Amino acid sequence: MQLSQGSAIVVGGAGGFGSATVRRLINAGGYVVVADFDEERGTELAEKLGERAIFVKTDVTSDESIDNLVARAVELAPLRAAVIVHGGKPAAHRLVNRDGETYPVSTFSRTLDVFLTGTFRVLSKAAQAMAKNEPLESGQRGVIITTASIAAYEGRTGQTDYSAAKGGIIGMNLTAARDLAPVGVRVMCISPGVVKTPLWRNSTEEQMMQRFPIPNPKRPGYPDEYAALAEHIIANDYLNGEVIRLDAALRM
């Protein structure tokens, strides 16, 4: 699928993965909506990229916010792609800590609402808009890329909520692809490993390698490697219903 004459939304577009993806999709010829809760960084990025990019402040926990996001994208051009890559650093809690206190259920629920339910909100509402598109010559109407994590497979200590949320994203990937097959909308998932995003701004690559035994190449990933994969998924119509680990063979 080509993005020329179409629009794309990147949820989490002001972040590390997101901003790299926005730049690639702009270069691919599409109109791109930078969707993020961070108004300052999102506006700055959109202004740098010119008239083919706009910023829309987005709260993934709000149906109304996602409705507005999708409507703004459709105003630009038919919505052909959605990349859902919003992030953040969830709190780390053991199920029972050294003082015998249990993990706060409210924190667990909040993490699932942001990462899992937030992903579902965007996926379902973007798919609804894509289903109304005229099909391309390939029969395709759109493609949606979600983002999991290797924590879905091998969560570290204190990641019960995050691992559950990311595991849920992986769990719904194939079913969503099958649900949307009749309307020509593909669904794919990228599951990144350790990547040098702004969350790691206080750590050098050497320090990151001391914490994580990344086999090959022996370095953390870069956001543009995620973006390059997202761009290829959009372009390659035969990629559907699959989860791709982007982790240099790292296993926790």
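This is a predicted model: local features need pLDDT of at least 70, side-chain atom pairs count only at pLDDT 80 or more; totals for chains, interfaces and linings use all residues.
A residue counts as buried when its relative accessible area is under 20%.

Helix α1 covers residues 16–27. Its buried residues are G16, F17, G18, S19, A20, T21, V22, L25 and I26. Because nine of the 12 residues of α1 are buried, the helix is largely enclosed by the rest of the structure. From its first C-alpha to its last, α1 reaches 17 Å, close to the 16 Å expected at 1.5 Å a residue. Just after the helix, G29 adopts a positive phi of about 100°.

H86 lies in the loop between β4 (79–84) and α4 (105–130). With a relative accessible area of 11%, H86 is buried. Its side chain reaches the backbone oxygen of V114 at 2.7 Å. Leaving aside neighbours within four places in sequence, H86 is in contact with V11, G12, V60, V114, F115, G118 and T119.

| Core | Size | Residues named |
|---|---|---|
| Largest nonpolar core | 38 residues | I9, L79, L123 and I144, those with the most contacts inside it |
| Second, separate core | 27 residues | M1, V10, A53 and I234, among others |

Leaving aside neighbours within four places in sequence, the contacts of I144 include A82, I84, L123, A126, A127, M130 and L180.

Key
Residues are numbered from 1 along each chain as its sequence is written. Side-chain values use heavy atoms; hydrogens and water are left out. Helices (H or I, at least four residues) and strands (E, at least two) are DSSP runs, numbered from the N terminus. Buried means under 20% relative accessible area, exposed over 50%, partly exposed in between (1.4 Å probe, protein chains only). A polar contact is a pair of N or O atoms within 3.5 Å; within protein, one must be able to donate a hydrogen and the other to accept it, and residues adjacent in sequence count only if both atoms are side-chain atoms. Contact means heavy atoms within 4.5 Å. The expected span of a helix is 1.5 Å times one less than its number of residues. A nonpolar core is a set of buried Ala, Val, Leu, Ile, Met, Phe, Trp, Tyr and Cys residues joined through side-chain atoms within 4.5 Å.
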